[in-house]
Each structure stands twice: as C-alpha cells, then as structure tokens.
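Here is a short report for someone meeting this structure for the first time. Please look over the sequence and the model, then read on.

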Amino acid sequence: MQLANSEQLNATFIALADPTRRAILARLATGDASVMELAEPFAMSQPAISKHLKVLERAGLVSRGRDAQRRPCRLDAKPLEEATKWLETYRQNWEASFQRLDDLLEEMKATTAKKSKRIPK
Amino acid sequence: MSTAAVKVTTPTDCEILITRTFNAPRDLVWKTLSNPELLKRWLFGPPGWTMTSCDEDQRPGGSFRWAWQGPDGAEMAMSGVYREVVPPERVVRTERFEFGCGPQSGEQVATLVLVEQNDKTILTLNIIYPSKEARDGALQSGMDRGLEAGYERLEQILAEEQGK
C-alpha cells in the first residue's frame with residue numbers, strides 16, 4: 001500500500017512507538033518468521049500479535065508471504081530507514097547550529113573573564 | 001570541554017522536543033538566544049544558509065521576524081508573537097514560516113526553557129504543531145527552517161517511488 005510521504009513517516013513513527021512492535025522488528029531483522037514463531041517470546045496470544053503486525057504492515061515495515069500455510073512475515077527496512085534518516089538529518093542540522101553556539105559561548109566567557117581581570121578604577 | 005550532542009525526540013505525534021546542554025551560565029545562553037546580533041552568529045539554518053535579518057520585540061505581545069538566505073538567493077523567514085518572556089529562563093511564542101513568495105505555513109507553538117546546573121545550562125525546546133502532518137513535514141524539512149534541502153530529498157524519494 002502506497003501512502004503519501006508524510007503519512008508514511010507518521011505511520012512509521014506510530015509503528016515504532018510500541019516496545020512489542022520494536023521487538024517484533026528486531027526478531028524479523030534476523031530472518032523471516034511465522035506469526036506463531038513471533039508470538040512465542042511474548043506472553044501474548046496470536047491474535048494480539050496479529051494486531052501489532054497489521055500496524056507494522058500498514059507502515060510498510062513488514063510484508064506477509066503468500067504461502068497459505070505459514071504466511072511468513074518479512075521485515076521491509078526501507079520505511080524505517082527513511083524515518084530514521086529524516087530524524088537524523090533534522091537532529092544533525094540542529095547540532096551544527098548548537099556547535100556554533102558552543103564556540104560563541106566560549107568566546108563570550110573568555111571576554112567576561114578578561115573584563116573581570118582589569119584593575120578596578 | 002566537549003558537550004554532549006543534541007537529542008531530538010517526538011514525545012507525541014504533534015511534537016518535537018529538542019534538548020541540549022551548554023558549558024556556560026544561563027544568562028550568557030539567554031543573551032545568545034535573545035540578542036539579534038548574537039543570534040545571527042549561530043542560528044544559520046540548514047547547510048548553505050545564513051541568517052540575514054533578525055527583528056525582535058521580545059516581550060509578551062511583541063512580535064519577531066527572523067529571515068535567512070540560502071543558495072541561489074532562496075529566502076525563508078519565521079515570524080510570530082511572544083506569549084511569555086521570563087528572562088533568563090523561559091520563552092513561549094507562536095511561529096510561522098514563509099518560504100520565498102509562497103504562502104505561509106501553519107502556526108506552531110514553541111516553548112524554550114533554560115535550566116542552570118553547576119555552571120552549565122540545559123536548554124529544552126518543545127515545538128507543538130497543529131497536526132501530525134505539520135510535525136512530520138517539519139522533520140522532513142531538515143531543520144524545521146529550511147525547506148530547500150528537504151524538498152530536494154522529497155523529490156528524490158518521490159521519483160524513486162514512481163520508478164518502482
């Protein structure tokens with residue numbers, strides 16, 4: 001399913017906001033798995049896991065295989081990369097400005113220190 | 001002395017939270033955030049941009065307008081109205097972006113807080129957007145202040161999507 005770009009970003013963030021879903025993604029990063037296999041480590045029923053999988057599918061992070069018996073789940077990392085990339089670029093741009101601010105503050109501190117060393121009249 | 005890098009989080013789907021610690025007393029940090037001549041020296045915008053003007057009337061009800069210029073004469077400005085100004089600890093204001101001659105974007109509310117701790121200052125900037133879409137758009141824009149680089153990337157991604 002193709003979402004408009006900011007909808008995609010939003011869906012990705014929602015998908016990532018849950019620890020169970022993050023754990024599911026971590027498991028799928030090591031290889032495909034069936035819903036049964038995914039449910040195993042959690043104290044959670046398969047229907048509950050399936051609900052989480054639907055959220056992940058909508059975000060385009062997980063795709064389901066066509067194999068009628070198993071319908072294995074597979075991790076699709078592209079949307080995750082996009083969302084992470086945006087956040088990281090945003091963060092880097094702020095950091096660049098703040099590093100300039102660090103330099104300016106050092107300059108201001110040095111100026112303040114010099115002034116306080118002058119002999120008072 | 002090195003400082004830890006900025007942290008950016010998304011506490012809710014309409015918010016961005018920016019946190020950064022500075023090795024300086026709070027009143028100095030406050031000056032760099034409220035003095036136009038000092039602001040111009042660090043708040044450049046995305047790579048390739050510089051701040052060109054900074055009009056400030058920093059008091060409740062006062063308005064401000066900051067403008068930047070980017071590559072190929074691109075222009076961008078942010079304006080708004082101050083709601084709260086409590087030196088040296090807190091500013092709350094509305095913000096709205098203008099890009100070149102284009103229409104203004106929606107309005108967001110920014111809350112800046114400075115806390116002093118052992119000669120260091122912790123800055124938190126919380127920006128609340130009118131919608132999830134506006135918030136996500138800001139993140140995509142690269143720094144919430146530079147659509148230029150963001151639009152290029154968006155174009156690339158859309159071209160890739162269309163090519164599939």
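## Chain B in outline

Chain B holds four helices and eight strands. Helices here are DSSP runs of H or I with at least four residues, strands are runs of E with at least two, and both are numbered from the N terminus. Along the sequence the pattern is β-β-α-α-β-β-β-β-β-β-α-α. Chain B has 164 residues, and 29% of them count as buried. Buried means that 20 or more other C-beta atoms lie within 10 Å of the residue's own; 12 or fewer means exposed, in between is partly exposed, and C-beta atoms are placed from the backbone.

The model is predicted: local features need pLDDT of at least 70, side-chain atom pairs count only at pLDDT 80 or more, and totals for chains, interfaces and linings use all residues. Residues are numbered from 1 along each chain as its sequence is written, while chains are lettered from A and ligands numbered from 1 in the order in which they are written.

## The sheet of chain B

Eight strands of chain B form an open sheet. Their order is 1-2-8-7-6-5-4-3, and the pairing is antiparallel. Strands pair if DSSP finds at least two bridges between them. Strand 1 (7–9) and strand 3 (50–56) of chain B stand at the edges. Each has a single partner strand, so one side of each is left without a neighbour in the sheet. From one strand to the next, the twist averages 20°.

Strand 5 (residues 75–86) and strand 6 (residues 90–99) of chain B pair over eight bridges. A hairpin joins strand 5 of chain B to strand 6 of chain B through three residues. B:Ser79 stands opposite B:Arg96 in strand 6 of chain B. Strand 6 and strand 7 of chain B pair over seven bridges, and B:Arg90 has B:Val113 as its bridge partner in strand 7. Strand 7 and strand 8 of chain B share nine bridges. There, B:Val115 has B:Ile122 of strand 8 as its bridge partner.

## Helix 1 of chain B

Helix 1 of chain B lies across strand 2, strand 3, strand 7 and strand 8 of chain B. The helix runs at about 155° to strand 7 of chain B. Axes are lines fitted to C-alpha atoms, for helices over the stretch in contact, and angles run from 0 to 180 degrees between N-to-C directions.

Which residues of helix 1 of chain B are buried? They are B:Arg26, B:Val29, B:Trp30 and B:Leu33. Seen down the axis of helix 1 of chain B, these buried residues fall within an arc of 105°, so they line one face of the helix. The arc is that of the directions from the helix axis to the C-beta atoms. The buried residues of helix 1 of chain B pack against several elements of chain B, including strand 2 and helix 2 (36–39), and also against helix 5 (78–117) of chain A.

Chain A has five helices and two strands. From the N terminus on, its elements run α-α-α-α-β-β-α. Buried residues make up 26% of its 121 residues.

The contact takes 31 residues from chain B and 23 residues from chain A. Two residues are in contact if their C-beta atoms, placed from the backbone, lie within 7 Å. Helix 3 of chain B gives the largest share of the chain B side, six residues.
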